[in-house]
Amino acid sequence: YTRTLPAMPSVYIETTIPSFLVARVSPDGDLAEKQAITRTWWDRHRHRYELVTSEIVLEEATLGDESQSTLRLRSLNRVRILGPTEDVESIGNEFVRKGWIPPAATLDAFHVAYASVYLIDFLLTWNCTHLANEDIRRPIDRWLRNLGKHVPVICTPSELMRKDHGR
């Protein structure tokens with residue numbers, strides 16, 4: 001993988017982003033707000049970044065309601081797809097083995113691994129249980145740094161928009 005736009009920061013699009021982007025507006029106020037924030041980021045901010053994702057996001061995006069699946073996949077049409085590597089496998093499995101990410105959420109470990117291995121600046125997600133969670137990020141970041149690996153910034157669209165407005 002080589003960056004096509006080296007002057008632009010890169011963003012790994014995790015599965016919750018296309019899910020919130022295309023989903024029918026939720027009656028739940030918190031979810032509806034996250035959907036609106038996601039749409040705002042997508043419409044007004046994504047052009048500032050080189051967007052990438054992985055094959056596992058494409059696989060996750062196919063699950064569930066067929067019409068929603070089609071919309072999720074369509075939203076990722078112009079997003080560069082990263083392929084698996086031995087490093088991604090090794091790092092992702094290590095996050096689970098160390099207990100930072102539970103076995104039931106193994107794919108979440110691989111999102112971080114992809115972003116690290118491919119030197120992606122930001123991992124964009126609404127998964128605040130296993131990814132955008134300070135208690136989980138801290139040991140993962142420390143471990144990656146100790147190995148001399150790249151540490152992506154894991155954040156939500158609202159956090160990344162705050163960063164954008166600081167430019």
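**Close-up 1. Contacts around L124 in the predicted model.** L124 touches V11, Y12, I13, E14, I17, W41, C155, T156, P157 and L160, leaving aside residues up to four places away in sequence, where contact means heavy atoms within 4.5 Å. L124 belongs to strand β4 (residues 122-124), strands being DSSP runs of E with at least two residues and helices runs of H or I with at least four, numbered from the N terminus. L124 counts as buried because its relative accessibility is 0%; buried means under 20% relative accessible area, exposed over 50%, and partly exposed in between, with a 1.4 Å probe and protein chains only. This is a predicted model, in which local features need pLDDT of at least 70 and side-chain atom pairs count only at pLDDT 80 or more, while totals for chains, interfaces and linings use all residues. Residues are numbered from 1 along each chain as its sequence is written, and side-chain values use heavy atoms, with hydrogens and water left out.

**Close-up 2. The salt bridge between R24 and D65.** The side chains of R24 and D65 meet at 3.9 Å, N to O, a salt bridge being a side-chain nitrogen of Lys or Arg within 4 Å of a carboxyl oxygen of Asp or Glu. R24 lies in the loop between α1 (16-22) and α2 (29-44) and D65 in the loop between α3 (55-61) and α4 (66-75), so the pair ties together parts 41 residues apart in sequence.

**Close-up 3. The salt bridge between E134 and R137.** These side chains meet at 2.7 Å, N to O. E134 and R137 are separated by about one helical turn, because they stand three residues apart in helix α7 (residues 134-146). Salt bridges that share partners join E134, D135, R137 and R138 into one network.
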